[in-house]
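Please read them with the coordinates open.

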Amino acid sequence: MRALLGLLLMSSASAALANSEPVLGPVPAWVKRVPLNLPSDTTAAPVRMILLDEQIDLTPGAVSRYSEVAASVQTAAGLSAGNIGLSWRPDVDTIAVHALTILRKGKLIDVLASQKFTILRRETNLEDASLDGRLTATLLIDGVEVGDVIGLASSLVTRDPTFANHVETSLARWNGATIDHAHARLHWSSSIPLRLRSSAGLPAAQPTADATGKSIEFSVDQVQSIIPPTGAPSRYAIGRVFEATDFRSWAELGALMAPLYQKAEAINSAGPVATEIASIRAASTDPLARAGAALSLVQSRIRYVALFMGEGGYVPAPAEESWANRRGDCKAKTALLLAMLHKLGIDAVPVAVSINGGDGVDTRLPMIQLFDHVLVRATINGKDYWLDGTRTGDRDLARLEVPNFRWGLPLVPAKAELVKLTPLPRNDPDNEFTLAIDARDGIFAPAKAHAEVRYRGDRAQALRLAFDALPAANRDAALRQIFKQFYDFVEPAKLSATFDPATGIERIAMDGVATLKWDDSFLRVPGSGIGYAADFARPVGPDRDAPFATDYPSHDRSVTTIQLPTGIALWPGKVGHDVDQTLAGIAYHREARLTGTDLRMVKTTRTVAPEVDATTARAAQARLRALDDEDVYLKEGDYRASDADLTSLLATTPGTATAFFDRGRLLFERGRYKEAVSDFSAAHDLATGDVWPLANRALAYAWLDQLPAAEADIVAASAIEHDNVVVNQARAVVATKKGDPKTAIAAYTAALATNPGNTFSRIRRAELYRSTGNSAAALADTDLLLRQTPDNIELRLLRANIFKQQGDIAAIVAEANAIQRAHPKDSLAQVTAGKIFAAADMTDRAMAAFQAALDIKPNVYIYLNRFEIRRKDDIAGRKADLDAAAAAAGSSPDAANSICWAKASAGVALTSALEDCNRAIKGAPDDGAYYDSRGLVQLRLGRLDAAIADYDAALKLAPRLAHSLYGRSITRARRGDTAGAAVDRAAAVAISPHIAEVFAGYGIEPPAATH
């Protein structure tokens, strides 16, 4: 079947006035018609392109483009194919429509017989300050149906005087659609010295000649869309294209355009532009400063408006005109800047570039259409500086880098050659993130946080303009959103944004409160992520081994510092903290150091090459993926939760079994076993098949002396996992409570068989060895632990006790010294060392250690421990410590009980001790230890009935509290209840064989008759 143009409009309608609407007329004589073959099948596509015919005729100074399209509407979604739109520039283009038809069930319908085009002027890029003057002819075809074949034939003749009889064109860009039959033909006058270039994917064809000139023609059936190789540089997205130009070289193109800028930069020597130049000249003799001032003037005082109408497409507006109107596009700004630089004695030329399509220009034919932007290359003291009048804020030329346009063409009268435009790798980061967290009060407690992001380059300028335009409330909302992207665990309290014109840095800052996201004893250090889930695989096909593009020349830096409490370790991970490696064009560097309790992590990613070959990229894939999985982590180690931690955690209700379990574990570590049992129970209810809540609840019950409950949980947990390490630990604690050290040691041994590195099990076994007189076995266990955790405070204390048992004073002092060396900023470590020094009768060193602890951070327990080691005749010092402890206690029941106990065990200030205990019990009436403390006070005061009542209350809450049993035994004996005293004493000794020695240390012994 012939083409759809059976109803050609043969009238010789005269050209419309000023090319303001399409001409309706016949197909030009130079066109070779292509037959249309309708397919016998259908596809799933809404619209099927049956024919795409492109034909171009080149004559000196004119490009005529003919286009014929036939498209089948196959589904309802394709009905929009009936919305026709044709666009042209009336200043240089003449548009003609030759036919618009519908083929429906063998019948050809002439649409233009009943409908007309509507002419619109649409400035589609106003938001980008661009005016192109284009007109659009639109026609919505009436009655389009599924099954219709819509045909449109039109032509466009372009005559742009700027080209001075030169011609250039491209065709056969069949890249984004499936086409049944595509045809291309180029015809040109024999007088034109045309250069041709055909890309891969197009058939080879040779020019032919006849009386009308020369031509080249080719067709492709079943054209498929081209999918560029994943991650390849942008030149691989050019796809199919056939190019033609009569520019013999880039130099000829540059020579054509150069006079346009020479003409536009001319200024009146007495005009306003000259006045501005004189001001710049007078302000400085430094050519760099002068050039910077000229650039700043053009950027800041000439608003950007792109004019593509009339000669505006390629011809720059005169400099004087741009200054008078205070507006201009890249060409106008370049001309004005050239005028100023040349008058200031600075060598400068215009350079044409492509904003997004510069990659691969060096492989193309010389054509003006390849460029869409122009800037200035100024040469000062032998160095090139690239000045772009359309940018903002470029005051300091020293900070300017080569723009990443890949290629540029200097528009000079002679010898123009493409110049490579690739910046050097950046030394200063584009984005610099700094985060400082003070978590010394506790790793789960709210922590003070300060964060900053420093932006350089274009991002800094864009943010400055954006923030300046926002009201304060909206600016804060925008800042909050930015910081949430990076640090979603910080709740901002104060936000700010400042711009430093001297450095070009936009600095945004936030002060707030951080809640660190610990997960199963680990914390991912914020900002430490490096690498990514690299995937350099491509399917087999063309360009499979094309290079991979990078985001060159990006450069980011992150610095995270966290001040921590003691007991936190830096987890080594699988690949280590430190990274210093270049992979797939990016230099990765990371280092993390934990110095004392201060963490500092620095990470940089610096792109060092615009692209990397496929072999190198694929070789780096595994390493990049490994790095992606290896952030820097902190581990809790032997950390003990602080009061602030627990206050924070107890303020909310956990929502998962894991959260309940984690909080229960922290409560357990703080000795709050009853609350721990509650959380472990909640975790067990939410995850009944999980052994860990049951095992840990068994251990908590054991410490609470609720041995039947502990044993029940041990049985239940063993049914899930018999050799679970915590189950064996619970067995050991129960055995210890029952006075069966042999069974306890066996249970700890079983726990260590499961987990040889478990510190708790080994320390407890060592303590049992020590208490049963096996010092050698105890030291063997501690020696092993010392290799694993040389800085463990509890371990050092245990070793000191073993050496004390052996009478080795030098070894005792060595342990205290080791603690102080390892933890110079840890108050608990200093107190422990002080207690060890005191045990070695080194009072002066003990007092110095306690003072060091107080210098770090005053706390109730420090004052009370110092109170205990003072000489009994140091009445003033002891009183001062008690008063200081009371002042530091606040409303804490635990602190009040500690003060009460210190007074009661020392037998001093008993009246105030009673008040302290009353305050503790009021705050926590369900803690048996508090009643035990008050019972001792009542016993000291001789209030035997009250003492019995308190010991009864304590034992009701903690039936196996040996201290209360023995205290009640003495109280009963003093009341004459010999039988009751004997029962309590036997029960106490069974639980704690050395309990009588403890009370003797208080100076309290039972009446002689009850011994």
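1. The model is predicted. The points below take helices, strands and backbone geometry in turn.

2. Helix α16 covers residues 759–771, 13 residues in total. From the first C-alpha to the last, α16 reaches 18 Å, close to the 18 Å expected at 1.5 Å a residue. At the N-terminal end, α16 is capped by N758, which has a side-chain oxygen 3.3 Å from the backbone nitrogen of F760. Just after α16 comes G773, with a positive phi of about 85 degrees.

3. Which residues of α16 are buried? They are S761, R762, I763, R765, A766, L768, Y769 and R770. The helices they pack against are α14 (725–737), α15 (741–754), α17 (775–788) and α18 (793–806). An α-helix has 3.6 residues a turn, so residues three or four places apart point the same way.

4. R765 deserves a separate look. R765 lies in helix α16 and counts as buried because its relative accessibility is 11%, with the cut-off at under 20%. With neighbours within four places in sequence left aside, R765 is in contact with I745, Y748, T749, L752 and D781. The C-alpha atoms of R765 and T782 are 9.6 Å apart in space, and the two residues are 17 residues apart in sequence.

5. Next, two helix pairs. Two packed helices are described by the angle between their axes and the distance between the axes. Helix α22 (residues 860–869) packs on helix α23 (residues 875–889) at an angle of about 165 degrees, and their axes are 8 Å apart. That makes α22 roughly antiparallel to α23, because angles over 145 degrees count as such. The crossing of α22 past α23 is left-handed. On the α22 side, V860, Y863, L864, R866 and F867 take part, and they meet R878, D881, L882, A884, A885, A888 and A889 of α23.

6. For helix α26 (residues 928–941) and helix α27 (residues 944–957), the packing angle is about 165 degrees and the axes are 8 Å apart. α26 and α27 are therefore roughly antiparallel to each other. α26 passes α27 in a left-handed crossing. The α26 residues at this contact are G928, Y931, D932, R934, G935, L936, Q938 and L939, which meet L944, A946, A947, D950, Y951, A953, A954 and L957 in α27.

7. T971 belongs to helix α28 (residues 962–975). Is T971 buried or exposed? T971 is buried, with a relative accessible area of 0%. Apart from residues up to four places away in sequence, T971 touches L939, L944, A947, I948 and Y951. Among these, L939 in α26 and L944, A947 and Y951 in α27 also take part in the contact between α26 and α27.

8. Two strand residues follow. S154 sits in strand β10 (residues 149–158) and is buried, at a relative accessible area of 11%. Residues up to four places away in sequence not counted, S154 touches R65, Y66, S67, L86, A96, V97 and H98.

9. L171 is part of strand β11 (residues 168–171) and is buried, with a relative accessible area of 2%. Its contacts, leaving aside neighbours within four places in sequence, are E54, I56, R65, A184, R185, V241 and F242. The C-alpha atoms of L171 and A244 are separated by 8.8 Å, the residues being 73 residues apart along the chain.

10. The remaining points concern backbone geometry. Most residues other than glycine have a negative phi, and most peptide bonds are trans. Which residues are joined by a cis peptide bond? Y552 and P553 are joined in this way, with omega about 0 degrees. P553 is in the loop between β31 (548–549) and β32 (555–563).

11. Q222 is not a glycine, yet its phi is positive, near 55 degrees. Q222 lies in strand β15 (residues 213–223) and, at 45% relative accessibility, counts as partly exposed.

12. K415, also not a glycine, has a positive phi of about 60 degrees. K415 is placed in the loop between β23 (406–410) and β24 (419–421). At 75% relative accessibility, K415 counts as exposed.

Technical notes:
Residues numbered from 1 in each chain as written. Predicted model: local features only at pLDDT ≥ 70, side-chain atom pairs only at ≥ 80, totals over all residues. Heavy atoms only, no water. Helix = DSSP H or I, 4+ residues; strand = E, 2+ residues; numbered from the N terminus. Expected span 1.5 Å × (residues − 1). Buried < 20%, exposed > 50% of the residue type's maximum accessible area, 1.4 Å probe, protein only. Contact = heavy atoms within 4.5 Å. Polar contact = N/O pair within 3.5 Å; in protein donor to acceptor, adjacent residues only side chain to side chain. Axes fitted to C-alpha atoms, helices over the stretch in contact; angles between N-to-C directions. Parallel < 35°, antiparallel > 145°, perpendicular 65-115°, else oblique. Left-handed = near helix turned anticlockwise from the far one by under 90°.
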